[in-house]
Amino acid sequence: MAEDNAGRIAERDGFIVTKGKNKKQLQCDTDSSAGCVSQRACVYCGARVVLNPITDAIHLVHGPIGCASYTWDIRGSLSSGAELYRNSFSTDLKEQDIIFGGAKRLNAAIDGLVEKYQAKLVFVYSTCIVGVIGDDLEAICTAASQKHNIEVIPVESSGFIGNKSAGYRAAGDALLRLIKPSEPIVKSNSINYLGDFNLAGEAWIIHNYLRQIGVELNVTFTGDSHYTALKSAPKAKLNIIQCAGSMLYLAGKMEELYQIPYIQISFLGIEDTAASLRKIAATLGEKSMIAKAEALIAKETARVEAIIKGYREKLQGKKAAIYVGGGFKAISLVKQFREIGIDVVMIGTQTGRKEEYETINNLVDDGTVILDDANPAELERFMMEKGAHLLVGGVKERPLAYKLGIAFIDHNHDRKHPLSGFEGAVNFAEEVYSTVCSPVWKSLSKSGIDRGVTNHG
Amino acid sequence: MLDCTPKEITERKSGGMINPAKTCQPIGAMYAALGIHKCLPHSHGSQGCCSYHRMHLTRHFRDPVMASTSCFTEGSSVFGGGANLKASIQNVFHIYKPDVMAIHTTCLTETIGDDVSSIIKTAEVAEGKLVIHANTPSYVGSHITGFSNMTKAMVSYIAESTLPVKKEQVNIIPGFVNPGDMREIKRLVKSMDIEYIMFPDTSGVVDSPMTGEFEMYPEGGTTVEQIKDTGNSQLTLALGRFASSDPADLLNKQCKVPAAVLKTPIGIKATDALLMTLRNSFAREIPKELEIERGQLVDIMTDTHFHFHGKTVAIFGDPDIVTGITEFVLSLGMIPVHVLTGTPGGSSNSAAGSFEDDINEMLTTAGITANVKSAGDLFTLHQWIKNQPVDLLIGNTYGKYIARAEDIPFMRVGFPILDRSVHSYLPIVGYQGAMRLIEMISNTLLDRADRDAKDEDFELVM
Ligand code: SF4
Ligand code: SF4
């Protein structure tokens, strides 16, 4: 892309800082500028992402067809049981509905689906258009709920009311309604695991660790979860949170309503995984648990470090750029890259919060570029300027990186193997190695066949 | 696993969709806009839509898909998006420097009733730059409608008839097909030595070569000059009625360029029709090269016909593609038993005709009756298949759930294909495309035969 195209839009300046250069604070959590090529998604997207892994629910999208089509089973959340969530249900609004309101159509859709699938739980997501035509989702859902004697929960996720974070909140509100107990709670000794959507089976890895150190797991929000399990959420005595972006709000509410304290953990990378296991054991305060955690950490670290060392030798000195959804994940990734000998030279998020950007700023080296809600031109400019060899991002960033001749790994919905825990740390190193050191980069040459020949040497 | 579809077919009282076989207009408009050289598509609405559309196109083409958005907020949806759009126009030309900005609306901006054309008129657009727009409400039609609407916008904003006598030149509207198909159609026309303008033309844009640099505007795409010149052509070929006939009609109204609406040239018959139309309209001979290709294709068809003959098949996807594939598999002796598109298919009495009528006519000629439906969904298709199983399923990636649940060999064709690569580079149109389709069909069926064969039936030569 031509030099001047990488140009700036003055409004964007506040969203970009370079560590060390100045003390200015990064702007975040505000709206993107009109006319930009934003990588951001919408409120509905945020809500859908969080709720969709609930496997036995009917996820009904109230709106025109597109919103439902694009979110049909794109998450890669795995299930050990029901598969209902992998379908795409839409009211498929038509012109008449836009004029006369979509209530009739929504009612009919709920009736039809409940009859077909005998589900205990229906989520009805509102999309932009529903927000505008003003269907009374609340009333429709309440009526449907009574009629079928199941739970029909509205998710207020009209796309324009904010960005993805607002969608997380909408999902949180829906979950709070779902878990609200009808009887007094009897507390148990178990914990809830929040913010793991079981992509590539990641939640299963963590379940396994928790079992090994003697922690009783109540329910995961929301990876591989289902109606009955979620209902029991209030009885847990602790919440641990992996994806803070999506779950902090819910955790806060659960503390307030059900006196469940929460801690933030991260299972990305060896360092954070070990620290998190320790933190969980320490918080629960059981001696045997602490000992078991130490044993597990020692065993697993020894096992995976030997493998990772091999990769580190090959990767030492490479530079990475990060562009992911949430700030917490970005923080873990910086540490994880260090474990494999890679420096992070550019780091950005779609929805990072102020505190997270502060942590990032403290963590990274001087000269690292930090940016919020970046557009492709900015990503390109900083990756090239900083000489990144690798980009971590989501689906839209992959071809961008490839076009630049830069290696790529997906740390979003398209990952095909788990990146959590000790196993994940190995997978991560392996994936970074296989993309950064792939022979395909040798075929790349600016002047075409001529140089290709010399390149192959 | 993944089998949530009951076999019993009960009447669906609700109008809702289960597992849609279509998607919304803006993505089609975005794809069409990418087929203009140095054009940045712009989505007028919230960021979510734009992000989904780019994501889906990116997954299908595995190439960067750029588009800007008006980034609606609550305020804009209450007070209208005029200010947002004006700011967008300014910012887009300032930062991303396209030659053309192609705006499409989304459900939201349609519903609040933004009058995009008057907003454009009052916006400041620099000399030599161009803003066009299409209305693409998603509660009408499908992504195919959106493609058609944006192509219409190219005509209404750009095409001009400037010469007293039409040029000996043909316009080709290829419809919603892959860049590989567009290249192949261009090759056919070129080999007949006819001047042509293809629009939109996404070849070179979403299949651009890797150079180590990111080009916001790769070399491909129809230039504005070319689109303007379409008004001077002698003839427009609209390939695929659903995606292409409306823009061709408009061009005829606006610039008096007569239109011929043909099928998407999938298979021998439709390719013959394309070439014959060109031959008759431009008094050219069909070159030896194409005669040879055709001969090879017929040879392949005869060599392999017994693999396909009598095999039953279910076909779904976009209407123009499904129509082409149906005609082609019929020519191979296969039996389509379920044929479905998600796009609403017109009605029998309308001037444009109807999808169901088209398919039924082909089937009747072949003496076959089948389930045929437009505006359907994959739940319906799955139910049909449960009640009447088939030997082969043909359609886009979303068919894989049905294929797995029913254990049917599955061949991927159409849009979107999210789980395989290279498809967008290689044509399914023309004689060469037909050869490729035969290879795909036979590999799919024969791999399956090998897999299922008992040891005693397993053979080396098939
Ligand atoms: S709201 Fe957006 S994604 Fe949904 S159908 Fe409309 S245009 Fe498509
Ligand atoms: S219409 Fe609204 S809810 Fe649907 S994808 Fe677009 S921004 Fe999101």
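This is a predicted model: local features need pLDDT of at least 70, side-chain atom pairs count only at pLDDT 80 or more; totals for chains, interfaces and linings use all residues.
1. Chain A overall. The secondary structure of chain A consists of 18 helices and 14 strands. Of the 457 residues in chain A, 62% are buried. Taking contacts in chain A between residues at least 6 apart in sequence, 72% join residues at least 24 apart.

2. Helix H15 of chain A. H15(A) covers residues 376-386. How many of the 11 residues of this helix are buried? The count is 8, so the helix is largely enclosed by the rest of the structure. The buried residues are A:Pro376, A:Ala377, A:Glu378, A:Leu379, A:Glu380, A:Arg381, A:Phe382 and A:Met383. A reader may note that A:Glu378, A:Glu380 and A:Arg381 are on that list, and that Glu and Arg count as charged. After H15(A) comes A:Gly387, which has a positive phi, near 65°.

3. Helices H1 and H7 of chain A. Two packed helices are described by the angle between their axes and the distance between the axes. For H1(A), residues 43-51, and H7(A), residues 164-179, the axes come within 6 Å and cross at roughly 45°. That angle makes H1(A) oblique to H7(A). The crossing of H1(A) past H7(A) is right-handed.

4. The residues between H1(A) and H7(A). On the H1(A) side the contact involves A:Val43, A:Cys45, A:Gly46, A:Ala47, A:Val50 and A:Leu51. On the H7(A) side they meet A:Lys164, A:Ala166, A:Gly167, A:Tyr168, A:Ala171, A:Ala174 and A:Leu175. By class, the residues of this contact are 10 nonpolar, 2 polar and 1 charged.

5. The site of ligand 1. Which chains surround ligand 1? Residues come from chains A and B, so the site is shared between chains. Chain A provides A:Pro64, A:Gly66, A:Cys67 and A:Tyr70. Chain B provides B:Cys24, B:Pro26, B:Cys49, B:His53, B:Thr106, B:Cys107 and B:Ser138. The elements giving two or more residues to this shell are helix H2 (65-70) of chain A and helix H2 (47-61) of chain B. H2(A) has the largest share, with 3 residues. The shell divides into 7 nonpolar, 4 polar and no charged residues.

6. The site of ligand 2. Ligand 2 also has residues from chains A and B around it, so this site too is shared between chains. There are 10 residues around ligand 2, and those that come nearest are A:Cys42, A:Tyr44, A:Cys67, A:Cys128 and B:Cys49. Which element gives the most to this shell? H2(B) does, with 3 residues. By class the shell has 6 nonpolar, 4 polar and no charged residues. A:Cys67 and B:Cys49 are among the residues around ligand 1 and also among those nearest to ligand 2.

7. Helices H11 and H12 of chain B. H11(B) spans residues 267-282 and H12(B) spans residues 288-308; they pack at an angle of about 165°, with their axes 12 Å apart. At that angle H11(B) is roughly antiparallel to H12(B), because an angle over 145 degrees counts as such. H11(B) passes H12(B) in a left-handed crossing. The contact is made by B:Ile268, B:Asp272 and B:Leu275 from H11(B), together with B:Leu290, B:Arg294, B:Leu297, B:Val298 and B:Met301 from H12(B). These residues divide into 6 nonpolar, no polar and 2 charged.

8. B:Ser148. This residue lies in helix H7 of chain B, which runs over residues 143-158. Is B:Ser148 buried or exposed? With a relative accessible area of 3%, B:Ser148 is buried. Not counting residues up to four places away in sequence, B:Ser148 touches B:Phe242, B:Ala243, B:Asp246 and B:Pro247.

9. B:Val390. Where does B:Val390 lie? B:Val390 is in the loop between helix H15 (378-387) and strand E13 (392-395) of chain B. Its relative accessibility is 9%, so B:Val390 counts as buried. Apart from neighbours within four places in sequence, B:Val390 is in contact with B:Thr312, B:Val313, B:Ala314, B:Val337, B:His338 and B:Ile408. B:Lys256 and B:Val390 are 134 residues apart in sequence, and their C-alpha atoms are 47 Å apart in space.

Conventions. Residues are numbered from 1 along each chain as its sequence is written. Chains are lettered from A and ligands numbered from 1 in the order in which they are written. Side-chain values use heavy atoms; hydrogens and water are left out. Axes are lines fitted to C-alpha atoms, for helices over the stretch in contact, and angles run from 0 to 180 degrees between N-to-C directions. Helices (H or I, at least four residues) and strands (E, at least two) are DSSP runs, numbered from the N terminus. Angles under 35 degrees count as roughly parallel, over 145 as roughly antiparallel, 65 to 115 as roughly perpendicular and the rest as oblique. A crossing is left-handed if the near helix is turned anticlockwise from the far one by less than a right angle, and right-handed if clockwise. Contact means heavy atoms within 4.5 Å. A residue is near a molecule or strand if one of its heavy atoms lies within 4 Å of it. Buried means under 20% relative accessible area, exposed over 50%, partly exposed in between (1.4 Å probe, protein chains only).
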